[in-house]
Amino acid sequence: MHEPGSILQVVVVLLLATVIAVPLAKRLRLGAVIGYLAAGVVIGPGALDLIAHPEGMSHVSELGVVLLLFIIGLELSPKRLWVMRRAVFGTGLAQVLICASVMGLLAWLVFEQAFKTALILGLGLALSSTAFGLQLLAERRELNTPHGRQAFAVLLFQDIAAIPLIALIPLLGDQASGAGDGSALLQTGKVLGSIAVIVIGGRYLLRPLFRVVARTGLQEVSTATALLVVIGTAWLMERVGVSMALGAFLAGLLLADSEYRHELESQIEPFKGLLLGLFFITVGMQADLSLLASSGAQVALLTGMIIGLKLPLIYLVGSQIAQLDKGSALRLGLILAAGGEFAFVVFQLAAEHQLLSPPLHGMLVLAITLSMAATPLLILGLSLLIKPSAAPRKPVPPEYEQIESNSPRVVISGMGRMGQVIARMMRAQRVPYVALDTSVDSIDMSRSLSADMPIFYGDPLRPDILRAAQVDKAQFFIITSSDPEITLRTAETVRRLYPNITIIARARNRQHVHRLIDLGVLAVRETFHSSLEMSRQILTGMGLSPEQADSRIARFRRHDESVLAAQHKVYDDAAAVMQTARQSRAELETLFDSDRIEVNSVQDAVARGAEAP
């Protein structure tokens with residue numbers, strides 16, 4: 001097939017290739033990115049030729065990178081960067097500078113590339129794959145290991161560094177050199193003006209806009225608004241000659257501390273995943289497999305150099321700067337040694353601006369793809385040779401232990417009166433928490449009391465909202481809704497997705513308690529403890545000492561909890577429940593017979609004292 005065919009045919013081919021290749025790659029422990037790349041290679045012109053002109057899809061697929069950068073911007077709150085500052089701007093900066101310098105100088109001095117080309121080669125090849133690296137760590141459950149935390153920090157810095165690098169390429173290209181001083185000043189003015197529009201709009205227009213949209217309660221309008229923000233800012237930056245990715249990144253950064261951050265992330269995430277997958281498929285389709293026949297030795301040499309240079313350099317950074325032990329530093333090097341998705345973007349943009357020749361660009365794309373494919377195999381080989389790493393050579397600094405501190409230990413669903421009290425207690429104890437609510441008014445009120453309160457708009461019944469709120473990192477999930485059905489549905493969703501988390505929920509009545517217990521939830525009856533406190537005050541007001549009142553209240557609580565446990569076994573049988581209730585009432589009267597005599601004697605004594613002259 002030598003024509004692209006109909007749009008529907010292209011869509012069917014892409015979806016079919018994805019459905020087959022990605023699960024197969026995951027099953028082989030190679031990762032989804034390799035599956036997408038392999039799918040692109042198979043259906044592209046170099047193999048089955050099912051889609052003969054992949055370059056026509058490049059503009060659509062680039063939206064995946066745009067959405068990825070928006071998500072990265074959303075996650076880069078100033079607080080998180082401050083907590084991770086040493087790992088991000090220490091280890092991350094060192095890795096990029098050292099790898100870029102060595103590979104750039106090698107390209108300039110040994111392979112005699114032009115200085116601008118060598119600069120782009122060094123910086124582009126220094127980048128690693130965020131999607132690929134984090135996925136490998138997650139699959140191997142190594143995100144919280146010493147090398148996993150350092151890898152996350154380095155990848156975070158690389159994502160930040162990719163933004164100015166992408167913006168730099170048009171300035172280095174041939175098109176920039178022909179511009180006069182006047183047009184250069186005009187172009188600079190347009191860029192600064194566009195950034196100012198984004199900053200001002202993000203600060204003063206976006207939050208009111210999202211507030212209005214949230215009040216409508218229409219999911220499709222919320223999705224459309226989120227896409228409008230991302231694609232609109234990307235389009236604006238492209239119109240003034242700057243990378244679309246920079247606009248999306250700025251938009252995400254401006255909304256990082258917004259109460260709608262989790263809602264935005266959940267809306268964008270599905271589109272980002274699909275379009276990013278399309279981007280990798282497009283890269284695979286553009287891989288020139290004929291180079292393996294004509295220049296196989298050069299491609300193999302370039303692939304070997306990418307891994308062979310980055311691996312020891314990152315090992316050095318990990319062992320000397322991050323203070324990792326040898327095994328952890330080696331694992332860090334393997335995770336980050338391959339090229340990354342931003343290298344594809346950087347080199348594609350550089351080729352468009354005549355900074356890379358077409359043959360060199362083709363070899364780079366193929367070499368980076370092969371380096372990524374080789375990484376899981378190298379890690380598997382290493383795991384067979386080296387036992388799990390021991391503790392670091394010296395204690396991990398506190399800031400490294402707190403890398404995940406921006407992740408909540410407690411997630412509170414509902415910020416009504418009960419949720420607010422719990423949030424205040426968590427704040428007083430310095431326990432990191434995240435609160436979710438679907439009431440814009442509740443969010444406004446809470447944020448007006450404390451601007452930095454971590455309360456966000458989001459429906460806890462939606463798995464994507466729970467994922468965006470990082471429920472998988474939390475120890476407790478608290479449900480404070482006054483609606484029993486919403487409480488049960490939320491508990492069912494959280495228990496199904498996160499079976500190991502502790503769920504504590506507000507219960508309306510005893511029947512509600514039983515249904516929550518069936519879900520493995522710790523149920524707290526909403527009026528039970530306040531009623532006991534009122535009873536305690538009544539007893540002390542009648543003349544009992546605080547100790548006597550507390551003793552009776554504790555006895556009543558134990559009895560009621562034992563009855564509740566007995567009723568749970570038969571709660572679906574109304575007759576059995578009534579029988580248990582009658583028995584418990586009789587037991588309770590017997591239990592407090594002696595206490596009633598004591599109270600009567602106290603009342604008599606009080607009355608006699610009042611009658612005495």
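1. In strand β6, V524 is the bridge partner of R506. The structure is a predicted model, in which local features need pLDDT of at least 70, side-chain atom pairs count only at pLDDT 80 or more, and totals for chains, interfaces and linings use all residues. Residues are numbered from 1 along each chain as its sequence is written, and side-chain values use heavy atoms, with hydrogens and water left out.

2. Strands β5 (residues 502-507) and β6 pair in the parallel sense over four bridges. Strands (E, at least two residues) and helices (H or I, at least four) are DSSP runs numbered from the N terminus; two strands pair if DSSP finds at least two bridges between them.

3. The open sheet has six strands in the order β3-β2-β1-β4-β5-β6, with parallel pairing. Because β3 and β6 (522-525) stand at the edges with a single partner strand each, one side of each is left without a neighbour in the sheet.

4. R462 lies in the loop between β3 (455-457) and α23 (463-468). With a relative accessible area of 15%, R462 is buried; buried means under 20%, exposed over 50%, and partly exposed in between (1.4 Å probe, protein chains only). Leaving aside residues up to four places away in sequence, R462 touches Q219, E263, S266 and Q267, where contact means heavy atoms within 4.5 Å.

5. L105 belongs to helix α5. This residue counts as partly exposed because its relative accessibility is 44%.
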